[in-house]
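Biologist: Please take a close look at one part of this model for me. Start there, then connect that part to its surroundings.

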Amino acid sequence: RRARLPYPPGPPADPLIGHIRIMPDNSISPEVFHNWAKQHGDVMSLNILGKRLVILSSEEAATDLLDKRSANYADRPSFPLYEKIGWKDALGFLPYGPYFRKMRRMLQAPLEKETVSAFRPIEEQETCVMLYNFLHDPAGMDHHVHRYATAISMEIAYGHRVLSSDDEYLKIAKRIFDALHDASRPSLLDVSPIFENLPAWFPGAWFVKFIQETKPVILHDILHPVSMVQEQLAAGTAKLSFVSQYLEDLQREGRLTSESQYDVSMAASQIIAGGSETSWHTITTFIACMLTNPDVQRKAQAEIDRVVGNGRLPDFTDRDLLPYIECVVKETMRWQPVAPLGLPHSATEDDVYRGMCIPKGAFVIANARSITWDERKFHEPRSFKPERFMPKPEGAGEVLPQGGAFGWGRRVCPGRYLADNMIWIGIVRILAVFDIGKAKDADGSIIEPRIEFITSLSSHPKPFPCDLRPRSEKAAELIRQAYDLHMAGATT
Ligand code: HEM
């Protein structure tokens, strides 16, 4: 019966090759899928060389399939190039099964809502470094936010504190991001594994050299930081971290083997791969939004001034008293979701939904761009309006579906509570002490901001000029004091 049911509709296809010729490039696919969904519906599908790709463009469809039927959609398609360069056992790419469940449990336990508060001191410390860097080098804003997100991830994962822009662990993070991006390019390996044996000079076989060069580097970058913690534990100098905790537990229970140490390494690497770039891009998106929405910025600063005053930096104890800041954070994630297509899920068995067949093995993606710009849920969805989330009558009482930012079902982002803290404290502290304004050119003329986004694995603003200025001399002094305090902690 299922075989006779239609697949979800989609644009006209070519015989045999299906939609391959009109398949949009990564950089525009969320936008193109969003437009196609208006014509073909919130559950549509494409045929890519015989493989069915199902695109969900509403919260209802994503919830019905990926959340409510999560047992059938918890699998991932295979990612041949990622697997070949050493990410075969990385949680994000693992097929659903016992090893996935083991890795997921390992990563999730320290990142639960109740437990992530243990990392707040690290997040507060690194905001001080970021604010200080903004003060002394406002033009390097993007770099300082990157360092902020990476330094937090490194300290949580390995207990390593980043103390300079030249830090070896920042280089590790950069190599990991570069490899993640480079490996997202389509290759002949997506068509068949037999192409793995092509000679490197063969046309289109660029991936052969890429694998040879990248694999040893990635494996080093995954395994090396854990060996360092191992050495520090032996010397009694290890700081408490995700890795030190697991290694100590395994040692105590007599279960520390090369296999179990490899699992710890893989899990820890996911904190870096999953956490740094996404949080970095969310904060730079927020800065772009403040630049283009000065009224929102003023309103958010007024709330902080009213609740916290200007004699100290806000901290996590202020969060419940700052509802407008909460809305600014949510609106940043809604307006430009940093992972617009998330990661693809895969159907384990044939399924029937609204009279349509979703075949076993179909790739299923939820288009966050459509979900967070759904006109039935959000008024003026393309405008940046944090008050939409305030309860009525003050605001519009709109609700951000969690999946729109962090994904769905059994594959929902395990780092979402950590990310939420990292982003909130970064945003509230920037607003407390900096004005984000338009930059001026050499002649003193104002540069009108033009914010454009680049999308590959994640979506982020292209570099844009802005003027980051301390709100007052007192704010600048607060930044210096906080920095001195935290750097003093680093040397003792
Ligand atoms: C703003 C920050 C973040 C955003 C927007 C984000 C978004 C996402 C999304 C959309 C997915 C795919 C979910 C799905 O398949 O349905 C995901 C998966 C994942 N995220 Fe995040 N993430 C963020 C931060 C983090 C952090 C801080 C960590 C580190 C602990 C992390 C680790 C992961 C991992 C390991 C996966 C794969 C999970 C799996 O396949 O089971 N993410 N994330």
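**A close look at helix packing**

Modeller: Helix 6 and helix 10 have axes that come within 8 Å and cross at roughly 150 degrees. That angle makes helix 6 roughly antiparallel to helix 10. Angles under 35 degrees count as roughly parallel, over 145 as roughly antiparallel, 65 to 115 as roughly perpendicular, and the rest as oblique. Each axis is a line fitted to C-alpha atoms, for helices over the stretch in contact, and angles run from 0 to 180 degrees between N-to-C directions.

The model is predicted: local features need pLDDT of at least 70, side-chain atom pairs count only at pLDDT 80 or more, and totals for chains, interfaces and linings use all residues. Numbering starts from 1 along each chain as its sequence is written. Helices (H or I, at least four residues) and strands (E, at least two) are DSSP runs, numbered from the N terminus.

The crossing of helix 6 over helix 10 is right-handed. A crossing is right-handed if the near helix is turned clockwise from the far one by less than a right angle, and left-handed if anticlockwise. On the helix 6 side, the contact includes Met141, Val145, Ala149, Ser153, Ile156 and Ala157. On the helix 10 side, Ala268, Ile271, Ile272, Gly275, Ser279 and Ile283 are among the residues that take part. Contact here means C-beta atoms, placed from the backbone, within 7 Å. An α-helix has 3.6 residues a turn, so residues three or four places apart point the same way.

Helix 10 (residues 258-292) also meets helix 8 (residues 206-235). Their axes come within 9 Å and cross at roughly 110 degrees. Helix 8 is therefore roughly perpendicular to helix 10. Ile222, Leu223 and Val226 make the contact from helix 8. From helix 10 come Gln261, Val264, Ser265, Met266, Ala268 and Ser269. This crossing is right-handed.

Next comes helix 9 (residues 242-252), where Phe242, Val243, Ser244, Tyr246 and Leu247 are buried. A residue is buried if 20 or more other C-beta atoms lie within 10 Å of its own, exposed if 12 or fewer, and partly exposed in between, with C-beta atoms placed from the backbone. The buried residues of helix 9 pack against helix 6, helix 8 and helix 10. Just after helix 9, Gly254 has a positive phi of about 70 degrees.

Strands pair if DSSP finds at least two bridges between them.

Strand 1 (residues 43-48) and strand 2 (residues 51-56) run antiparallel, joined by six bridges. Ser45 has Val54 of strand 2 as its bridge partner. These two strands form a hairpin with two residues between them. Leu49, in that turn, has a positive phi of about 50 degrees. Strand 2 then pairs with strand 6 in the parallel sense, over four bridges. Leu53 stands opposite Phe363 in strand 6. Strand 6 (residues 363-366) pairs with strand 3 in the antiparallel sense, over two bridges. There, Ser346 has Phe363 as its bridge partner, and His345 stands opposite Val364.

Ala71 sits in the loop between helix 2 (59-67) and helix 3 (80-87). Ala71 has 12 other C-beta atoms within 10 Å, so it is exposed.

The loop between helix 13 and helix 14 holds Glu380. Phi of Glu380 is positive, near 40 degrees, in a residue other than glycine. Glu380 is exposed because 10 other C-beta atoms lie within 10 Å. Pro393 is in the loop between helix 13 (368-372) and helix 14. The peptide bond between Lys392 and Pro393 is cis, with omega about 5 degrees.

Last, Cys413 lies between helix 14 (402-406) and helix 15 (416-433), in a loop. UniProt, in an unreviewed entry, places the feature "binding site" at Cys413. UniProt positions follow the numbering used here, feature names are shortened, and annotations may be inferred rather than shown by experiment. Cys413 counts as buried because it has 22 C-beta neighbours inside 10 Å. Leaving aside neighbours within four places in sequence, Cys413 contacts Phe406 and Gly407.

Terms used: Two residues are in contact if their C-beta atoms, placed from the backbone, lie within 7 Å.
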